[in-house]
Amino acid sequence: MTQQHNTRLLPLLAALLAPPVLAAGDAGGSAPSALPSAEVAYLTVPREYRLDGIVEAVNRTTVSAQTQGQVEEILYDVDDFVEKGEVIARLRDNEHRARVAQAAAELKSATAELSRAEDEFARVEGLYANKNVSESEMDRAEAELAGAEARLDAAQAALEQAQEQLAYTRIRAPYSGIVTNRHVELGEIASPGQPVMSGISLEELRVTVDVPQSVIPAVRELGEVNVYLPNGGDEAEVVQPERITVFPFADMGSNTFKVRLDLPEGLENLFPGMFVKTGIVTGKKEELTVPKAAVVYRSEVTGVYVLDPDRGVHFRQIRVGRDHGGALVVLSGLTAGETVALDPIAAGVALKAQAKAKAGMGSDDDG
C-alpha cells in the first residue's frame, strides 16, 4: 500500500521540480504571446527643413515722457512686473496743477461772459423787433455773442490740455510686462520724448527665422511649421504657430527671407532672446518607425526586445532618428513587419526565464 502511494507521487514531484518553461513558448524559444507588442511599420511623416529661430516679444516698448518735469518718484526697476495702467514714474506737477487752476478760472470767466452776451443779445433782439434799435446794434450784439461762445470753447480746450499735461506727470505702463531697462534717475529733468523705461510683455511671443529662398515656396504653399520649445526635459515641446508671416523681400547679403511665427499664449519657460528649433514642412515621406515605448537605452546602447516566433525574445541594438510623437524613426536594426515588445521590463524578465529554460533543457539532455 505504501509502495503504491509513493509510486503515484513520483510523477507529481518530478513536475514540481522541473525547470520553468515559458507558457507560450516551446523548447525552441517561441515568442511569448502574453507580452504587449507592436509591429514595426512605415509611417507617413512630414519632411522638415530645420532652422534656428529667435524668440521675440510682440510688445516691447520704451515709454517716454510726454511733458517736462523733474523726476520725483520711480516706482519700478529692472525685472519688476508691472500691470497695465500702473504708474511707473511720477514727475513734479506743481506747475501743471497751477496751469489747470488758471485754465479753470479762465473757463469760469468765459462762461460768465457768454451768459452776459446772451442776455444782451436777447435784449437787443427784442428792441430790434420793435424797430427801437438800428441794424448795426443788432449786428454788434450778434458779434459779441459769437465772440463769447468762441472764447468759451477756447477756455474749455485750454483746460482739457492743462489736465492732459497734468496726467502726463504720471507715466503709466501701456501693457502688463517686465521692466527691462530704466533710463532716468531720481531728480533728473525729463523732457518730452526722453526715454523713461523699457519693457516687454511675455503674454504674446513670436519666433523669427531667416529662411533660404529655396524653402520659401513650401512655406507659402503648405504653411506648416513646427516650433520645438525647450521644456527642461529630454523631449522638446512641439507647437504650431497661430500665424505665419513671410516678409515680402529678401536680404541682399544672405538671400534669405525673414519669416515671423506668432506663438499661442500661455507658453511657460520661454523668454525673448532664446534660440528654438523650427521645422518647416516641405512635403511628406514614408519612414520606418518603432513605438517609443519599446525602445530602451542601456548606457550608450539603444535597442528593443524583438519577439520572434522561432527565436523567442531577444534583445537587438538599433539606431533611431527623429521623434514623431509616440514613434521614433528607425535608421537601422529593424525591418518592417517585425514585432517588438512594448513593455521592455516584462520582456527582459521573459528573456531571462527563456534562457534559464533553455539551460535547464540542455542539462537534461546531457543527463
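Buried means under 20% relative accessible area, exposed means over 50%, and partly exposed lies in between (1.4 Å probe, protein chains only). The model is predicted: local features need pLDDT of at least 70, side-chain atom pairs count only at pLDDT 80 or more, and totals for chains, interfaces and linings use all residues. Residues are numbered from 1 along each chain as its sequence is written, and side-chain values use heavy atoms, with hydrogens and water left out.

**Aromatic pairs**

Rings of Phe, Tyr and Trp (its six-membered ring) pair if their centres lie within 6.5 Å; planes under 30 degrees apart are stacked, over 60 edge-to-face, the rest tilted. The whole structure holds two such pairs.

| Pair | Centre to centre | Angle between planes | Class |
|---|---|---|---|
| F247 and F249 | 6.0 Å | 70 degrees | edge-to-face |
| Y305 and F315 | 5.2 Å | 65 degrees | edge-to-face |

Y305 belongs to strand β18 (residues 301-308) and F315 to strand β19 (residues 312-317), so their pair ties together parts ten residues apart in sequence. Strands are DSSP runs (E, at least two residues), numbered from the N terminus.

How accessible are the rings' residues? Y305 is buried, at 3% relative accessible area. F315 is partly exposed, at 27%. F247 is also partly exposed, at 22%. F249 is exposed, at 53%.

**Charges over rings**

A charge sits over a ring if NZ of Lys or CZ of Arg is within 6 Å of the ring centre and within 35 degrees of the ring normal. R50 places its charged end over the ring of Y228, 4.2 Å from the centre. K131 lies over the face of Y128, 5.9 Å from the ring centre.

Terms used:
Helix = DSSP H or I, 4+ residues; strand = E, 2+ residues; numbered from the N terminus.
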